[in-house]
Amino acid sequence: MKNVETYVWRWVGGGYNSCSASSKEEALEKAIAMGRGTAHRWELRVDTETLHVAAEGEINALDREYASLFD
């Protein structure tokens, strides 16, 4: 059984997301699927250069960074 890790990436044009995956390839597949949106009404593109295993505390830092945009 492969080790599952949390991957994080930014979207082209802004924003970020994350998912659990056992490889970078699997994470990219999940990211692309997330970006397709509901019924293909919109589409976000993954900035593939930013896809990586999340460092400890990185998701919380990103949440704080983006939350401040809506204060």
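Predicted model: local features only at pLDDT ≥ 70, side-chain atom pairs only at ≥ 80, totals over all residues.
**Entry 1. Ground rule and W11**

I take a contact to mean heavy atoms within 4.5 Å. With residues up to four places away in sequence set aside, W11 touches Y16, N17, A31, M34, G35, L44, R45, V46 and D47. I placed W11 in the loop between β1 and β2. Is W11 buried or exposed? Its relative accessible area is 6%, and buried means under 20%, so W11 counts as buried.

I then looked up how W11 sits relative to A31, one of its contacts. The two are 20 residues apart along the chain, and their C-alpha atoms are separated by 9.4 Å. From the side of A31, the list of contacts reads W9, W11 and V46, again without residues up to four places away in sequence.

**Entry 2. Overall layout**

I stepped back to the whole chain. It holds two helices and three strands. In what order do the elements run from the N terminus on? I read β-β-α-β-α. The C-alpha trace spans about 40 × 30 × 20 Å along its principal axes.

I noted the contact range too. Among contacts with a separation of 6 or more, 45% join residues 24 or more positions apart.

**Entry 3. Core**

Which residues make up the largest nonpolar core? I listed nine: Y7, W9, W11, C19, A21, A27, A31, V46 and L51. At least two residues of this core come from each of β1 (5-10), β2 (16-21) and α1 (24-36). In soluble globular proteins, nonpolar side chains tend to be buried together.

I checked A27 as one member of this core. A27 is found in helix α1. Its relative accessible area is 0%, below the 20% limit, and therefore A27 counts as buried. Leaving aside neighbours within four places in sequence, I found A27 in contact with Y7, C19, A21 and L51.

**Entry 4. Aromatic pairs**

How many aromatic pairs does the count give? I got two. W9 and W11 form an edge-to-face pair, with 5.6 Å centre to centre and 90 degrees between the planes. W9 is buried at a relative accessible area of 0%, and W11 is buried at 6%.

Y16 and Y66 form a pair that is tilted, at 5.3 Å centre to centre and 40 degrees between the planes. Why does this pair tie together parts that are 50 residues apart in sequence? Because Y16 lies in strand β2 and Y66 in helix α2 (residues 58-67). I checked burial for both, and Y16 and Y66 are each buried. Y16 is also among the contacts of W11.

I32 is found in helix α1. Its relative accessible area is 37%, which lies between the 20% and 50% limits, so I32 counts as partly exposed. I32 and V8 are 24 residues apart along the chain, with 13 Å between their C-alpha atoms.

K2 lies in the segment before β1. Is K2 buried or exposed? At 59% relative accessibility, K2 is over the 50% limit and therefore exposed. K2 and I32 are 30 residues apart along the chain, and their C-alpha atoms are separated by 21 Å.

**Entry 5. Surface and charge**

I ended with totals for the chain. Of the 71 residues, 24% count as buried. The chain exposes about 5,200 Å², and carbon and sulfur atoms supply 50% of that area. I also looked up the charges: there are 8 positive and 12 negative, and their mean positions are 6 Å apart.

Definitions and conventions
Residues numbered from 1 in each chain as written. Heavy atoms only, no water. Core = buried A, V, L, I, M, F, W, Y, C linked by side-chain atoms within 4.5 Å. Buried < 20%, exposed > 50% of the residue type's maximum accessible area, 1.4 Å probe, protein only. Helix = DSSP H or I, 4+ residues; strand = E, 2+ residues; numbered from the N terminus. Areas by Shrake-Rupley, 256 points an atom, 1.4 Å probe, with all protein chains shown as cover. Lys, Arg positive; Asp, Glu negative; His and termini not counted. Charge placed at Lys NZ, Arg CZ, Asp CG, Glu CD. Phe/Tyr/Trp six-rings, centres within 6.5 Å; stacked < 30°, edge-to-face > 60°.
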